[in-house]
Amino acid sequence: MSARPGLSLVVPVYNVAAYLPAFLDSLRAQTLPASEFEIVAVDDGSTDASADLLAQYAARLANLRVLRQENGGLSAARNAGLREVKGEWIAFADSDDIVAPGTYERWLARAESGALDMLLGNGMYHQEGRAPDRPIFAGVAATPVISGTEWLRARLAARFLPHMAWLHLYRRAFIEGYRFSFVPRLIHEDVIWTTRALLRAQRVQFDPEPGYLYRLPLRRPAADERARRLDAVIASSIYNARQLAAIIANEVADAAMARAIGWQLVDGALSVLHKIEQHPDPAARRAYYRRLRD
């Protein structure tokens, strides 16, 4: 591999042995030359067969590097990968998803030709045959090169802004220049990351061709697992609402943009109430309501 590949892909891995081969095979099918495509997989303390699978694929894929760390969560794994990448451009992927062939070559070509800070991609909600796949962005046309603020304003006006970091390709110098990182142990960690990135990006472009397949889970978790997940989502949603309020107060001078982000804040904050209602523990629900009232 060259000293500076064109694209580095950061991939957190945690207990996804059932899905990892399909994901890694989709990376093997990418059309970028291996010398231009670095894959940095961060094994976040997996306890299943994920580590063995990564080792098997690393023996066959010269452009796959595997890092291992104690379990710290998705954000910590992404941050660890960001510290190790060598490419001019950076993308993220979740290791239980699938990437269509040619996606990263197309994204990289568009990003380079437009001298972008961020390439905004599209994907599909992938239902594995249970129902037809459907695009994440449906009916949204390709854009010329615009500012991130223009894209953010348009998406907030449409009341639809997916924050998924894996839908984007970033110039490495852009990420490093603003010292972007993910907040550890946060669920919906992309909300603040994507909002801040779009506010700062001077050159972005949207490619409507779906290339990333976001696998929707089939399994319904047990009650105790569901409660733990809801606890994490509620805490993270409260954190995100407070951070969006801070962004409005300290980082946005335009009143119209502040109001638009305010919708995002209120929409996310109201969702906390819906999550509390879903909590299976009545005592926990009462405690959350008391906390929010206080």
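Helix 9 passes helix 10 in a left-handed crossing. This is a predicted model.

**Helix 9 and helix 10**

- Two packed helices are described by the angle between their axes and the distance between the axes.
- Helix 9 spans residues 255-278, and helix 10 spans residues 282-293.
- Their axes come within 9 Å and cross at roughly 155°.
- Angles over 145 degrees count as roughly antiparallel, so helix 9 and helix 10 are roughly antiparallel to each other.
- Helix 9 contributes Val272, Leu273, Ile276 and Glu277 to the contact.
- Helix 10 meets them with Arg285, Tyr288, Tyr289 and Leu292.
- By class, the contact of helix 9 with helix 10 has six nonpolar residues, two charged residues and no polar ones.

**Helix 5**

- Helix 5 covers residues 148-157.
- Its buried residues are Gly148, Trp151, Leu152, Arg155 and Leu156.
- These residues lie on the same side of helix 5, because they cover an arc of only 125° around the axis.
- An α-helix has 3.6 residues a turn, so residues three or four places apart point the same way.
- Arginine 159 follows helix 5 and has a positive phi, near 60°.

**Helix 2**

- Helix 2 runs over residues 50-60.
- Ser50, Ala51, Leu53, Leu54 and Tyr57 are buried there.
- Their arc around the axis is only 160°, which puts them on the same side of helix 2.
- Asp52 and Ala59 are exposed on the other side of helix 2.
- The buried residues of helix 2 pack against strand 1 (7-13), strand 2 (37-44) and strand 3 (64-69).
- They also pack against helix 1 (20-28).

**Leucine 270**

- Leucine 270 sits in helix 9.
- Its relative accessibility is 46%, so leucine 270 counts as partly exposed.
- The cut-offs behind that call are under 20% for buried and over 50% for exposed.
- Leucine 270 and methionine 118 are 152 residues apart in sequence.
- In space, leucine 270 and methionine 118 are 30 Å apart, C-alpha to C-alpha.

Definitions and conventions
Residues numbered from 1 in each chain as written. Predicted model: local features only at pLDDT ≥ 70, side-chain atom pairs only at ≥ 80, totals over all residues. Heavy atoms only, no water. Axes fitted to C-alpha atoms, helices over the stretch in contact; angles between N-to-C directions. Helix = DSSP H or I, 4+ residues; strand = E, 2+ residues; numbered from the N terminus. Parallel < 35°, antiparallel > 145°, perpendicular 65-115°, else oblique. Left-handed = near helix turned anticlockwise from the far one by under 90°. Contact = heavy atoms within 4.5 Å. Nonpolar A, V, L, I, M, F, W, Y, C, P; charged D, E, K, R; others polar. Buried < 20%, exposed > 50% of the residue type's maximum accessible area, 1.4 Å probe, protein only. Arc of directions from axis to C-beta.
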